Amino acid sequence: MLTSTEQLVMLAISRCGRQAYALSIQEEIKTHGHALTLGVLYTVLSRLERRQLIRHRDGDPTPERGDRPKRFYLLSGAGARELRGTLQILDGLRTGAYAPQGA
């Protein structure tokens with residue numbers, strides 16, 4: 001099962017589509033009320049890539065990036081299935097759940 005941070009990152013990659021690179025992923029997550037430092041984000045991206053749940057492609061090098069390419073991320077087939085399965089479990093658990101008193 002995916003950690004909550006892995007879920008956030010994978011959902012953000014999915015929402016960003018073909019333009020999912022570190023800063024756009026970070027901004028997408030921030031837009032929805034959660035902040036991740038780039039250090040945490042890169043750690044999660046690396047872990048997800050090692051587990052073959054995401055993959056990357058390098059864009060063209062640009063002068064403003066010191067001739068380094070942007071790294072664009074996308075979900076792998078296995079990653080999409082893992083995310084979908086995790087979300088189905090959460091949806092099932094959420095059904096009929098109630099907020100505790102005082103929450």
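Reader: Let me start with Asp58: what is its relative accessible area, and how do I read such a value?

Author: With a relative accessible area of 44%, Asp58 is partly exposed. Please keep in mind that this is a predicted model, in which local features need pLDDT of at least 70 and side-chain atom pairs count only at pLDDT 80 or more, while totals for chains, interfaces and linings use all residues. Residues are numbered from 1 along each chain as its sequence is written, and side-chain values use heavy atoms, leaving out hydrogens and water.

Reader: Happy with that. Which residue forms a salt bridge with Asp58?

Author: The general idea comes before the case. Side chains of opposite charge can pair when their charged atoms come close. The partner of Asp58 in its salt bridge is Arg71, with the closest N and O atoms 3.3 Å apart; the cut-off puts a side-chain nitrogen of Lys or Arg within 4 Å of a carboxyl oxygen of Asp or Glu. Because Asp58 lies in strand β1 and Arg71 in strand β2, the pair ties together parts that are 13 residues apart in sequence. Arg71 is partly exposed as well, with a relative accessible area of 35%.

Reader: Is Glu6 buried or exposed?

Author: Glu6 counts as buried, because its relative accessibility is 2%. Arg47, at 27%, counts as partly exposed, and so does Arg51, at 37%.

Reader: How are the helices and strands assigned, and how many of them does the protein chain have?

Author: They are DSSP runs numbered from the N terminus (helices are H or I with at least four residues, strands are E with at least two). The protein chain has four helices and two strands, following the pattern α-α-α-β-β-α along the sequence.

Reader: How many bridges join strand β1 to strand β2?

Author: Strands pair if DSSP finds at least two bridges between them. Here seven bridges join β1 (residues 54-62) to β2 (residues 68-75), and the two run antiparallel. As a landmark, His56 stands opposite Tyr73 in β2. The hairpin has five residues between the strands, and Gly66 takes a positive phi near 65° there.

Reader: Now the helices. Which residues of α3 are buried?

Author: They are Leu41, Val44, Leu45 and Leu48. Seen down the axis of α3, these fall within an arc of 100°, so they line one face of the helix; the arc is that of the directions from the helix axis to the C-beta atoms. They pack against α1, α2, β1 and β2, where contact means heavy atoms within 4.5 Å. Just after α3, Gln52 takes a positive phi of about 60°.

Reader: And what covers the buried residues of α1?

Author: The cover includes α2 (22-31), α3, β1, β2 and α4 (77-94). Among the buried residues of α1 are Val9, Met10 and Ile13, along with Glu6. Just after α1, Gly17 takes a positive phi of about 65°.

Reader: One more: what does the side chain of Glu28 make a polar contact with?

Author: It is the side chain of Arg15, at 2.5 Å. A polar contact is a pair of N or O atoms within 3.5 Å; within protein, one must be able to donate a hydrogen and the other to accept it, and residues adjacent in sequence count only if both atoms are side-chain atoms. Glu28 is found in helix α2 and is buried, with a relative accessible area of 17%. Not counting residues up to four places away in sequence, Glu28 touches Ala12, Arg15 and Cys16.

Technical notes:
Buried < 20%, exposed > 50% of the residue type's maximum accessible area, 1.4 Å probe, protein only.
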